[in-house]
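Work through the exercises below with the model open. Try each task before reading its solution.

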Amino acid sequence: MRALFGDELKKLHGRFVEMGLNISEQIYNSTQAFIEHDKKLAQEVIDADNNTNGEEMDLEKQALKLIALQQPVATDFRVIISILKASSDLERVGDHAVSIARETIRMKGQARIPNVEKEIAQMTDQVRDMLEKALDAYSKNDELAARNLSKVDVDVDKQYLLIRDEITKAVHNDTETVQSSASYFMVIRLLERIGDHIVNLAEWIVYSASGKIVELNPGKANPELVRRLYSGVMGARQPEK
């Protein structure tokens, strides 16, 4: 019976990692569609969201079945609960990728800001790297690596602020970009929110590994750090007169 439980739990772990990798690809495809103005790819991301929702439902069913039929011990129960909670954050990341894809379709015919799109591609790389590090920490049950993701999130927040300032300057210099700026602001905000959800995921990895409930979100765990980040970035990038 115990061996059967171990096999089923291993399958549950595998499904979670697979879901995470699929969502990482969705993040890439959605921002790639946005940057390349590829509405066909954007629609594929939107259509694929049903698969993400189905993956989460299947994972939940398997997890609840394990709890109901196998009567896991406390440590195993903690692991299963962590997977359920973390999969919810993964699903929200997928929703944000879909929202980015929708902005691609909404921006038809609007003036573009190429340098901002280049920086969005870099921010996407940051966020995807962050997610892949989280999945690696999950696979290895690595509490320290999970905790370190909060530091990576600070870098994502910094990039968000820098791009936000770049968009503002572009609008100041060219009023034709006013309409498209709304979509740019939306996309970078969604990427920043994805970073926050990955931090939430990291908190569940820590809980699974140690049984400790921790606050890793920089804005909540260290508000002064975030205040300095905002003031430092905005002070360094004053709009040109």
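This is a predicted model: local features need pLDDT of at least 70, side-chain atom pairs count only at pLDDT 80 or more; totals for chains, interfaces and linings use all residues.

**Exercise 1. State what percentage of the protein chain counts as buried, and what share of contacts is made by residues 24 or more positions apart.**

Solution. Start with burial. The protein chain has 241 residues, and 48% of them count as buried. Now take the contacts with a separation of 6 or more. Residues 24 or more positions apart supply 85% of these.

**Exercise 2. Describe how helix 2 packs against helix 3.**

Solution. Locate the pair: helix 2 spans residues 39–70 and helix 3 spans residues 74–106. Their axes lie 9 Å apart, at an angle of about 170°. Angles over 145 degrees count as roughly antiparallel, so helix 2 is roughly antiparallel to helix 3. Next, handedness: helix 2 passes helix 3 in a left-handed crossing. Last, sort the residues of this contact by class: 16 are nonpolar, six polar and seven charged.

**Exercise 3. Is glutamine 62 buried or exposed? Then find its contacts.**

Solution. Glutamine 62 sits in helix 2. Its relative accessibility is 11%. The cut-off for buried is under 20%, so glutamine 62 counts as buried. Leave out residues up to four places away in sequence; glutamine 62 then touches Glu8, Lys11, Leu12 and Arg15. Check arginine 15 again: its side chain and that of glutamine 62 are joined by a polar contact of 3.3 Å.

Notes: Residues are numbered from 1 along each chain as its sequence is written. Side-chain values use heavy atoms; hydrogens and water are left out. Axes are lines fitted to C-alpha atoms, for helices over the stretch in contact, and angles run from 0 to 180 degrees between N-to-C directions. Helices (H or I, at least four residues) and strands (E, at least two) are DSSP runs, numbered from the N terminus. Angles under 35 degrees count as roughly parallel, over 145 as roughly antiparallel, 65 to 115 as roughly perpendicular and the rest as oblique. A crossing is left-handed if the near helix is turned anticlockwise from the far one by less than a right angle, and right-handed if clockwise. Ala, Val, Leu, Ile, Met, Phe, Trp, Tyr, Cys and Pro count as nonpolar, Asp, Glu, Lys and Arg as charged, and the others, Gly among them, as polar. Buried means under 20% relative accessible area, exposed over 50%, partly exposed in between (1.4 Å probe, protein chains only). A polar contact is a pair of N or O atoms within 3.5 Å; within protein, one must be able to donate a hydrogen and the other to accept it, and residues adjacent in sequence count only if both atoms are side-chain atoms. Contact means heavy atoms within 4.5 Å.
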